[in-house]
Amino acid sequence: MDEVRDSRRDATRVAQLIEMGRDREAAELAVAQRHPFHNAQTHSEGKLMEVLDQLDTLGPLLAAVVGGIREDQLDNPTPCAAFTVRGVLEHMIGGATAFAAAFRGDEAGEPDAHDVLASFGPALTGLAASMHSPGALDRTIDAPFGAVPGNTFARFVVLDGLVHGWDLATATGQPYDPPAELVAAAEEFARATVDPLRDGETFAAAVPAPPDAAPIERLAAFTGRRASIPA
């Protein structure tokens with residue numbers, strides 16, 4: 001009963017901070033009150049899927065999607081309304097460059113997005129290597145929405161990459177079928193942390209998913225994406 005009362009109190013405080021325009025504090029509180037998600041995610045056949053396992057599963061999926069993008073598709077719109085295909089790739093390359101440095105404890109350099117299709121692989125490989133480095137997940141990461149424990153922010157990296165992979169695949173007519181345990185882990189984390197961060201940019205308002213939606217489509221809908229791409 002005390003845990004339920006504390007949870008309701010924290011949720012009320014998060015809402016108050018958002019109303020006061022103190023989004024960064026709201027995000028920090030939301031992350032802090034979800035402490036169980038800092039260490040391990042969802043169960044699959046009785047085993048926990050750790051965040052680095054999630055990352056290692058996601059990498060080849062993203063590589064396959066980006067490898068299937070043609071130059072003449074770079075200006076296609078995507079379900080992520082603010083971005084074209086090129087824009088999603090630039091966003092991911094920029095984030096990978098910045099956060100690779102953060103997980104290493106270094107200053108970030110300028111991202112190389114001159115040729116987004118060529119630069120994507122090295123940028124994501126660099127991010128994965130930094131996240132696997134000793135002590136990386138124990139650092140505090142200065143995320144766009146506040147200071148976040150590295151283990152927690154790693155889950156945001158997976159969530160962001162997984163959903164952006166769907167954006168890219170949908171925009172370019174490619175299949176995208178991530179393993180169920182990966183989607184389940186990301187969705188459990190998303191449902192625990194995303195709502196206070198819905199600012200229309202970091203995350204949009206959730207939209208209904210079709211009754212026959214695949215798990216990745218339900219996750220995309222929860223993060224504010226529609227399967228229909230805006231013209």
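Predicted model: local features only at pLDDT ≥ 70, side-chain atom pairs only at ≥ 80, totals over all residues.
Q: How many aromatic pairs does the structure hold?
A: There are four of them. Rings of Phe, Tyr and Trp (its six-membered ring) pair if their centres lie within 6.5 Å; planes under 30 degrees apart count as stacked, over 60 as edge-to-face and the rest as tilted.

Q: Why is the pair of phenylalanine 103 and phenylalanine 153 called tilted?
A: Their ring centres are 6.3 Å apart and their planes meet at 35 degrees, so the pair counts as tilted.

Q: What makes this pair a tie between separate parts of the sequence?
A: Phenylalanine 103 belongs to helix H4 and phenylalanine 153 to helix H6, so the two parts tied together are 50 residues apart in sequence. Helices (H or I, at least four residues) and strands (E, at least two) are DSSP runs, numbered from the N terminus.

Q: Why is the pair of phenylalanine 156 and phenylalanine 189 called edge-to-face?
A: Look at the angle: it's 80 degrees between the planes, with 4.8 Å centre to centre. Anything over 60 degrees goes by that name. Phenylalanine 156 is in helix H6 and phenylalanine 189 in helix H7 (residues 180-193), so here the tied parts are 33 residues apart in sequence.

Q: How do you know whether phenylalanine 156 is buried or exposed?
A: Buried means under 20% relative accessible area, exposed over 50%, partly exposed in between (1.4 Å probe, protein chains only). Phenylalanine 156 has 5% relative accessibility, so it counts as buried. Phenylalanine 189, at 1%, counts as buried too.

Q: Which residues do the ring pairs link into a cluster?
A: Phe99, Phe103, Phe153, Phe156 and Phe189.

Q: How do you know that the span of helix H4 agrees with its number of residues?
A: The expected span is 1.5 Å times one less than the number of residues. For the 20 residues of H4 (residues 85-104) that gives 28 Å, and the end C-alpha atoms are 28 Å apart, so the two agree.

Q: What makes arginine 191 count as a charge over the ring of phenylalanine 222?
A: The rule asks for NZ of Lys or CZ of Arg within 6 Å of the ring centre and within 35 degrees of the ring normal. Arginine 191 lies over the face, 4.3 Å from the ring centre. Arginine 198 also lies over the face of phenylalanine 222, at 4.5 Å.

Conventions: Residues numbered from 1 in each chain as written. Heavy atoms only, no water.
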